[in-house]
Amino acid sequence: PYAYDEVGALNYTQSADVMTIVHPNHLPHAVKRYGVTDWRIEPHAMNSGPFEALNTDKSKAVWINTDTGNITMYCTQPIFTEDRIGGLFYLAQDGFSQPWETGKAVAVGDVRRSDGKYYEAATAGTTGTLRPTHLADLWSDGGVVWRYRNNGYGVALITAVAADGLSCSAEVKTTMPKSAVTTGYGTAITLSAVSAIGGNLALESVGHGVPAGTEAKALIDFVYTFSGSYHRAIITDTIRYYDPNKLEVMHTPFFSDGGPYYAPGFTLFISGTVQLEGAVLVGASDLWAFGAWGPHNGYPSCVTYHQGRRCYAGAPGLPQTVWMSRSDLYDDFSVSSPLQEDDAQTVTLVSGEINPIKGLLSMGRLLVFTSGAYWTLGDGKTPIGASTLLPEIQSYVGAYPLQPLGIAESALFVHDGG
């Protein structure tokens with residue numbers, strides 16, 4: 001896939017019969033030997049990551065129309081741009097599912113969390129004693145058969161985006177969260193009066209479906225009819241929904257003849273709607289992230305192996321980030337929920353200036369060479385994981401983008417100045 005003028009920027013590493021090649025303009029490829037005369041070049045499988053940092057803007061919530069196959073993803077704000085086509089998208093369910101427990105009755109379709117993974121009951125019954133831990137297909141706990149769904153999140157490959165950036169088409173790689181499947185906004189909620197207390201009217205809508213604790217700006221439009229007169233009031237307020245089955249609004253009506261009115265013994269007929277403005281949707285999740293590799297950020301330019309992980313770094317759009325595969329699963333960049341020590345790891349070097357990573361070398365610790373310094377990850381004794389990455393600067397000597405070498409007990413690299 002490489003042009004003639006790109007060959008000089010190729011970097012590679014090798015493990016037995018597999019050579020991994022990287023270039024900042026291309027997805028990583030592997031040269032694999034299947035036989036004496038059977039050699040193949042295969043692209044990295046874009047199925048499990050890696051990903052950018054999780055979204056932190058709770059007003060940007062994503063929902064989907066279905067959880068498998070070819071799907072449509074929607075967002076409350078325009079986030080999908082053309083340079084995201086061909087990249088991955090991560091969508092996690094908002095909150096942990098109910099944990100798997102022994103001796104509990106479940107129905108078909110119930111979802112339970114076990115060993116950092118999420119499973120759906122394929123049969124009904126009472127759970128047995130064999131905790132589900134499998135990563136594919138079906139497994140019986142001795143009482144119920146469980147189908148593996150995901151690690152608490154789903155992954156999809158973006159194939160097309162809408163012109164307004166509010167939706168995109170995607171191909172599911174790992175089953176998406178069932179909880180994120182929804183039809184979209186409940187834009188109008190009809191209210192009816194249930195009581196009048198102390199001059200305030202209590203109105204409610206049963207089964208409105210908005211999650212408890214959700215806060216949203218709402219345009220409240222009430223119509224009052226009292227003693228044959230028609231009165232209308234429109235106010236804008238912030239409502240917090242405490243009950244997912246009933247929306248209650250306390251409001252003091254204002255009439256054209258001056259101020260709040262409350263008269264026991266008289267009938268006040270009320271109808272109205274609540275128009276939600278920016279409410280978090282039922283099932284929509286703000287826990288999402290775009291894939292780290294793709295047209296938006298480019299692709300890694302450095303690669304090596306370290307402690308049973310394949311490590312990449314040096315993507316143009318994320319120049320100081322290192323990605324490590326799961327332990328002994330070199331093409332797997334998945335993580336669990338909650339995070340496990342053998343999960344894929346991502347670390348971004350934080351320094352006073354941006355110094356792109358130019359090379360990686362495993363020598364006890366993982367040596368990371370940048371244009372302005374070289375760093376180490378890990379302590380060289382403890383297996384590297386989420387709690388043991390420990391990035392540290394060792395020297396403010398920059399490196400040239402040429403693969404460093406380990407010679408005896410020394411690391412040999414070319415100085416950035418030549």
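Trainee: Which strand gives the most to the lining of the largest pocket?

Mentor: That's β27, with 4 residues. Keep in mind that this is a predicted model.

Trainee: Got it. Which strands each supply at least two residues of that lining?

Mentor: β7 (88-92), β27 (318-324) and β28 (345-348) do.

Trainee: And how many residues line the largest pocket, and which lie nearest its centre?

Mentor: There are 31 lining residues, with F51, E52, L54, Y90 and V335 nearest the centre. The space inside is about 620 Å³.

Trainee: How do the lining residues divide into nonpolar, polar and charged?

Mentor: You get 18 nonpolar, 12 polar and 1 charged.

Trainee: Switching topic: how many helices and strands are in the protein?

Mentor: The protein has 0 helices and 34 strands. Of its 418 residues, 44% count as buried.

Trainee: Let's look at β10, then. Why is it largely enclosed by the rest of the structure?

Mentor: Because 5 of the 5 residues in β10, residues 117-121, are buried.

Trainee: Which of them point which way?

Mentor: K117, Y119 and A121 point one way, while Y118 and E120 point the other way. In a regular strand, side chains alternate between the two faces of the sheet.

Trainee: Which strands pair with β10?

Mentor: β9 (residues 111-114) runs antiparallel to β10 and is joined to it by 4 bridges. β13 (residues 145-150) also pairs with β10 in the antiparallel sense, over 4 bridges.

Trainee: What's in the turn between β9 and β10?

Mentor: The two strands form a hairpin with 2 residues between them, and D115 in the turn has a positive phi of about 55°.

How values were computed
Residues are numbered from 1 along each chain as its sequence is written. This is a predicted model: local features need pLDDT of at least 70, side-chain atom pairs count only at pLDDT 80 or more; totals for chains, interfaces and linings use all residues. Side-chain values use heavy atoms; hydrogens and water are left out. On a 1 Å grid over the protein atoms alone, a cavity is a set of points where a 1.4 Å probe fits but cannot get out, and a pocket is an open set with protein on both sides within 12 Å along at least five of seven lines; lining residues have an atom within 4 Å of a point. Grid points are joined across faces, edges and corners, and a volume is the space filled by probe spheres set on the points. Ala, Val, Leu, Ile, Met, Phe, Trp, Tyr, Cys and Pro count as nonpolar, Asp, Glu, Lys and Arg as charged, and the others, Gly among them, as polar. Buried means under 20% relative accessible area, exposed over 50%, partly exposed in between (1.4 Å probe, protein chains only). Two strands pair if DSSP finds at least two bridges between them.
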